[in-house]
Amino acid sequence: MSNIDAELARLIAPGRVHRRLYTDPAIFELEMERIFNAAWVYVGHESQIKKPGDYFATRMGRKPVVLVRDDEGQARVIHNQCAHRGAMVVATDKGNAAEFTCCYHGWTYHLDGRVKAVPLNHGYPLGFDPKDPKIGMLPLPRVKSYRGFIFASGADDGPSLEESLGHMMTSLDDMVDRAPDGEIEVAGGVFRHAYDGNWKVYFENLCDAAHPLFTHRSSIDAAVAQSDDVHSDGSGEIAIRQMRQNGAPYSFWESQVGIWTYPNGHSYLGDYHDDSKLVAALNDPVFRQYIAALERKKGKAEAKRVLEVRRWNSNIYPNASLMSQFQQLRVVYPIAVNRTVVHAYSFRLKGAPDQMLRNAVSFANVVNGTGSLVLTDDLEIYNRLDMGMSSEGCEWLQIGRGYQSDVPDAHDGRRGKNSTSEVYIRNMLDAWLGLMTKGQAAPVRAAS
Amino acid sequence: MAKRRKSKARPSPPSRRSVLVPRQRATRRTTEPLDLARCERFLLHEAQLLDDGKFDDWLALFTPDAWYWVPSEPDQDNPHDTVSLIYDDRRLLETRVRRLASPRIYSQEPRSRTSRMVSNVSIEDSGNNACTVRSKFLMIEYRRDSQRLFAGTAFHRLVQADGAILIASKRVNLVNCDAPLDGIVVPF
C-alpha cells in the first residue's frame, strides 16, 4: 500500500469522514483519475443517438467525450480531442455527422474515431502513420449499454458493467419496465444547474431522508398555506403536492421510507409519496389510462409488479441518479473541487399517454428546476457545506447516524433499520476508498 | 392667555389636484388606451417593485389566471412538453411569492439585491384593452460576495380593467437560458 493510499485510508473512520475529502484539490485530481477514469461512468442514453452518425457531445468527469453511433450501428464513446494539436473537435451539443472534422487544420475522423484524412500529410516524419491506433479521437476502452443506458470506463479491464451495477440494475429495469411498450426515450429538455461545492455532497443529499423537513421548510410552509381554489393548469398542483409531501413529520421519514445500499457505492431511498396524492395519482384519469395500457401490453400480474416498485432516488455511483417513478435522471459533472454541474433529464415512457410526459415535466420543474422552490434550497446547502468545510472547525464530519442499527440486506446490501440512517454515505465512501486505492485499502470501514 | 394665532404668513400649499392631475381628471372614467407610454411606465413600475422586494405588490399585478414563464430553451414552444427554469401557473406563483417572504428561505439568507433596467419597449399587438409588450431587460443580482448578470427579452400580455393594467402572462427569454446556472430565486 503506497503512502498516498495509506493517507487516503486515514481520512475515513467508522462513522466519520475527514472534511479534506470534500475540499482538497489534490484529492479531487486523484478522484478524476481513479474514479471518473476507471469506474463505469454513465455517459448517455441510446435514444440520444438513434441513427448512425447521431452524436451527443458530453463529458466523463471533466473529459470532453462524444457519444456516437458509428456506421455499423455500434455506440462508441470517443475522446473529443484532435490527435494533431489537441483541439476539441465536436463543438455542438448534438447532431448527425458523416465524419468529424477538426476546425484547426482540417484533420477528419471516422465516426469511430479513426483518422480518415490528414491534409498536407506529406510533410510528416517517416514514422508518422495516421492508421496508428494511438492516433485518432481515441475510443474509451470499454463501452457498455444496459437496457438503453450507456456507460463507459477508461480502464482496459475490471469488473463488467453488470457486476459493477449488481442489484442496482433493478432500478434501471424499473425505469424501463414502466413503459408499456418496453422502451423509454429522452424527452422534455434538460436542466443544467450548478453550485459552488463538491460533487459528492450532491450525491449524498439525494438519499438523505433527514433533510427535507428542515431544509425545505420555506417551500413546505408556503405550499401548506396555499389555497387550492386558486387557478392552476395542473402544473402548479403537481409542484405544490410535492412540496407538501416534503413536510411529512420526522416519524414518517424515520420509519416509512427505507434506505438500501449495495456494493460499489450504489443506494436508493424508498419513495415517500402516497400514490393517491402525487403525479401517479391512482384517481387521476391519465394514470388510470396508463395503467390500462401497461396491463394491456404486459398483463395484469406484471403491471402490478411494476407499479409496486416504489423507489425515490436510485444513486448509481459515481455520477447518475434515477427517479424511475417520475422518469428523471440526474447526471453529475464535477468541474472543480468546489464547483459542480448537474444535468437533469426526463424520459418519455413509450406507449403511455402523452400527458405522462407533461406530468414528468411539471415534476422535473419542481424537483430539478434551476428556479425550483425546492432545489434552490438544496443548492444553497451544497454551497454552505463547501464554505463550512473550508473553515478550520471540526476536522471530522459525523456520518454515523444508524451506524449501530443498520442491518444486512440481500444482494450483499446493507440497509438502514431507520430510514434516516446515513448508511448511504458510508457505503459511498467505502466505494470511494476502494476506487481511490485500487482496492489496496478497501476493508469495509465506514459502513460496518 | 392669548390663543396662538395662526400664522397668516404661511403660504397655502398648491393644490395637488390642480398641479398633478390637469384636464383629464374629468374624463378619467373612460379607459385610456394602452399606448406605449403607459405600457412603459407600467413595466418600470413592475421592475421597481421587484428591485424593492415588494413581491406581494408584484403578485397583485397579475390576473387571477395568469402565468409566468422562463423557458429553458431558446424558442421553446410551450411550457408543457419541455422543462422550464420557471413555469408558474397562478397557484404556484402565489406559493413562490409566499415562500419569498419566509424567514426560513435559506437560499435568500442573505437576501439578493437586484437592479433592473428595462428598455427597447414596443407593442407587438393590441386591441380590446389588451396588448403584448416586448421589452429588453438587464438584471444585476448581488448576493454573498458575488454579482451576476442576466439579460433577455420579456413579453408581457397586458390587459386593463377599470382603468388598471394587469399582467395576464409574462414570458422571460434569458439570453443564457440553457447555460448551467446557479439557483434562481428572485424572479425576473
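Which residues have the most contacts inside the largest nonpolar core? I started my notes there, and found Val41(A), Val43(A) and Leu67(A), in a core of 154 residues. For my own reference, a nonpolar core is a set of buried Ala, Val, Leu, Ile, Met, Phe, Trp, Tyr and Cys residues joined through C-beta atoms within 7 Å. Buried stands for 20 or more other C-beta atoms within 10 Å of a residue's own, exposed for 12 or fewer, and partly exposed for what lies in between, with C-beta atoms placed from the backbone.

**Ground rules.** This is a predicted model, in which local features need pLDDT of at least 70, side-chain atom pairs count only at pLDDT 80 or more, and totals for chains, interfaces and linings use all residues. Residues are numbered from 1 along each chain as its sequence is written, while chains are lettered from A and ligands numbered from 1 in the order in which they are written.

I then listed the partners of Leu67(A), leaving out residues up to four places away in sequence: among them are Val43(A), Ile49(A), Tyr55(A), Phe56(A), Val77(A) and Ile150(A). Touching, or contact, is taken as C-beta atoms, placed from the backbone, within 7 Å.

**Helix H15 of chain A.** Helices here are DSSP runs (H or I, at least four residues) and so are strands (E, at least two), numbered from the N terminus. H15(A) covers residues 423-436, 14 residues in total, and I read 20 Å from its first C-alpha to its last. That is close to the 20 Å expected at 1.5 Å a residue, where the expected span is 1.5 Å times one less than the number of residues. After the helix comes Lys438(A), with a positive phi near 50°.

**Two domains in chain A.** Chain A is divided into domain 1 (41-153) and domain 2 (167-436), with bounds from an automatic or database domain assignment. Taken over C-alpha atoms, their centres are 33 Å apart. I found 12 residues of domain 1 in contact with 15 residues of domain 2. On the domain 1 side, strand E3 (residues 41-45) of chain A gives the most, with three residues. By class, that side has four nonpolar, five polar and three charged residues. My classes: Ala, Val, Leu, Ile, Met, Phe, Trp, Tyr, Cys and Pro are nonpolar, Asp, Glu, Lys and Arg charged, and the others, Gly among them, polar.

**Chain B by itself.** Chain B has four helices and six strands, in the order α-α-α-β-β-α-β-β-β-β along the sequence. Of its 188 residues, 31% count as buried. Looking at contacts with a separation of 6 or more, I see that 54% join residues 24 or more positions apart.

**Where chain B meets chain A.** I count 36 residues of chain B in contact with 41 residues of chain A. Strand E1 (62-71), strand E2 (84-89) and H4 of chain B each supply at least two residues of that side of chain B. H4(B) gives the most, with eight residues. The chain B side has 14 nonpolar, eight polar and 14 charged residues.

Two cis peptide bonds went into the notebook. The one from Tyr317(A) to Pro318(A) has omega near 5°, and Pro318(A) lies in the loop between strands E16 (311-316) and E17 (320-323) of chain A. The one from Glu109(B) to Pro110(B) also has omega near 5°, with Pro110(B) in the loop between helix H4 (90-100) and strand E3 (113-127) of chain B.

I also looked at positive phi values in chain B. Arg144(B), not a glycine, has a phi of about 40° and is partly exposed, with 13 other C-beta atoms within 10 Å. Asp162(B), again not a glycine, has a phi of about 50° and counts as exposed, with 7 C-beta neighbours inside 10 Å.

**Confidence.** The model scores ipTM 0.94 and pTM 0.92. Chain B averages a pLDDT (the predictor's confidence in each residue, from 0 to 100) of 89, and 84% of the residues score at least 70.

Technical notes: Two residues are in contact if their C-beta atoms, placed from the backbone, lie within 7 Å.
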